[in-house]
Each structure stands twice: as C-alpha cells, then as structure tokens.
Amino acid sequence: MNHSDTLELSLQLLRQPSVTPVDHDCQNIMAQRLAKIGFNIENMRFDDVDNLWARRGTESPVFCFAGHTDVVPTGQLDAWNSDPFIPSIRDEKLYGRGAADMKTALAAMVVASERFVTKHPNHKGSIAFLITSDEEGPSINGTVKVVETLEARNEKMKWCLVGEPSSTTTLGDIVKNGRRGSLNGVLTVQGKQGHVAYPHLAQNPIHLASKAITELCETVWDNGNEYFPATSFQISNIHAGTGATNVVPGTLDVTFNFRYSTEVTAEILKQRVLEILDKHGLTYTINWTLSGLPFLTPVGELVNAARNAIKNVTGVDTELSTSGGTSDGRFIAPTGAQVLELGVLNATIHQINEHVNVADLEPLAEIYEQILEQLLA
Ligand SMILES: [Zn+2]
C-alpha cells in the first residue's frame, strides 16, 4: 500500500505511547521535520511536561498551529481490537489511541507546512507550532506556560489554528470559533440535625433549600447570542442525609456547573446565585472555581480562510460552533489572537477503538495548506 505523507507521519506518532504527561519523542519527531524546513526549535519543559515552540521567520503576522501530543489512557486493553499503540488500518480506518485526538492533525500540520514552505520559501510573516504534552491532564505546565513565556517576551500570534477534532459527520462540517466559559460552585446549606419525629427541634436543609434549588434550575440566565447558546445551569451532585430513615440531616451539599456565554460574566452569575439563596433566607457557604473563561473569534480573516479552504477541498459549507468542552484555545485567546479549532471527526475520541477515516488525512493537510496560502502567501 502506498501511504500518503500525512498517513506515514501519523503512523510514526501513533506508535509512541504518549499518555499524559509523557510526550515519548513525538515532539522530537515533529521538530526534526520542521527544523529541516527552516523552523527555529525551542523545547520548553516545565516540570514533567514537554512543550515545543517552533517558529519559521521573525516577522509578523504569526500564524500558529497548536495542539497536543499527549493522549488519554487506553482503558481496558483487551477491549481493543488491535493494540492502541500499534496503529492498524482496517476497512479504510486508522485505529490507535490518538488517531482522532489528535495525532493525525499534528501530522497534517507538519505536512501542510512542508508543502507550503516548498512553494513559498519567502512567505509573509511567520509560521509557528505550539505543541504541548499536557492538554488531556491538569493543563498547568502546558500551553498556559508557553503562552506566558511568549507574552513575557512580547511574542504575539495573530492567528492560531488548534487541530482538535472539530468535525462531526464529515470532514470540515464544523469548526469551533469559541468555547463557553465553565464555572463550578459547591454549595453547603446549613440546617440542624435532629429526629424526624421531632421536626420542631431540627431544621431540615433539604426542605429549606428546595425552593431555591427550583428557582436556580428555572432561571433564564441569558438567551445566548449569535455565536453562543443560552447559558446553562446544571446540578451534578446533591447530597444530604446520614443514610438512616429517622434522622433529619444537618447539612445539604449541592455541586453545580454553569456553561456560560459571552452575554454574562462569572461575576454576574455568582451575584445572581447569591441573590436567589439570600432571597430564600438560607444559611450557607459557597466555593467557586472558574475552570475556563469563554472566548470567541468572530468572523474575520481566520474564519474566512478556513471556510474557503474547507469548501475548496471538501465542497462542504462549514458551520461555526462554540459547543463542547473546554480546550487549550482558552489559554491562547486571551492574548488577542484569533483562535479556531479545525480537525478530523470527533465521534470516537477518548473511546476504545478510537479511529479516523484514512481518506480524511490528505484533505486535512490540504485544508491546512490552503489556510496558510490565504494568510501568508
Ligand atoms: Zn485533544
């Protein structure tokens, strides 16, 4: 079988068992290819995390490919039909841990850059790669630290294409131009423990909190906007009680999460939650954690370049979306860069028998190359 360049490099990367935070030579494999076409290579290791910053050129504007070499654990090995770290092609599908999330995109980025640089050795601006091995894990020593380092030396990117698997049913049908914010709260409502037969001597926190909880669930926080669905409030855990049938519990714990649009802020949401709890006269404590700020890249040069490239290569009219979980784009967007996520199908990410259509690999490299063509040729 005659393997394409993108497939060949994908196979090489998929053979590395790079479970977070281990990079297992993936960045080196990429860096060697990039060094050959004139990229300046910087390895930025923070604690146990390998990161790669590679840049070709010193001028602005900077177009950056971003992504991660780490993969999630395999899960139960004997449930896989082939070894997750020995990539295997069956029925035109490439199987292996990281096939969709996101080693094939990394391969496509490298191949696209090689082809583009061969055609345009004196391209405008710079091409860069920001690659981490800590996206699937705590995300403390990965992209966020590289971005801090770049900011400290005033190295700015204008456009950043993250190769996360954004496609849903066909290659390029969806690109992500933003992500919702994520705010967690842990609420503890105070009551007074006692005997169920003597309720006047106890205060039941479940009863006390029930109206406030209903109101929280029924509140319309906003209506979203052109790019974002309405902010959602979801309770993920609720607990009270000792397990006994005859004891009124002393406290009630409620864990909840907001996925929020750019129509509100974390501060506004916190304020509104406190107002509802106070209105119902509860005694409580609440702990907040902000796990991601929302970001948005409105239609502009990067979105248009991606749309055109997808249309040319696949014939698909792409759709903008801000759905899904958070990604490392949340660390890059605050620098002012336009950030877009575009990659292969996400149907099997993090699953047993993760795979990707072999037929999508070369088109993805072509899409990436055409984006470079429009922005830097
Ligand atoms: Zn990923």
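A word on the model: it is predicted, local features need pLDDT of at least 70, side-chain atom pairs count only at pLDDT 80 or more, and totals for chains, interfaces and linings use all residues. Residues are numbered from 1 along each chain as its sequence is written, and side-chain values use heavy atoms, with hydrogens and water left out.

Let's begin with the domains. The domain assignment, which is automatic or from a database, gives domain 1 as 5–179 + 294–376 and domain 2 as 181–292. Their C-alpha centres lie 38 Å apart. In the contact (heavy atoms within 4.5 Å) there are 13 residues from domain 1 and 11 residues from domain 2.

How much area do domain 1 and domain 2 bury between them? About 810 Å², with 67% of it on carbon and sulfur atoms; that is accessible area (1.4 Å probe) lost on putting the two parts together, summed over both. On the domain 1 side, Pro294, Leu296 and Thr322 supply 56% of the area buried against domain 2, more than any other three residues.

For charge pairing, the count of salt bridges between the domains is zero, taking a side-chain nitrogen of Lys or Arg within 4 Å of a carboxyl oxygen of Asp or Glu.

Now the pocket. Twenty residues line the largest pocket, and Glu135, Glu164, Arg179, Thr326 and Ser327 lie nearest its centre. A pocket here is an open set of points on a 1 Å grid over the protein atoms alone, where a 1.4 Å probe fits, with protein on both sides within 12 Å along at least five of seven lines; lining residues have an atom within 4 Å of a point. Thanks, everyone!
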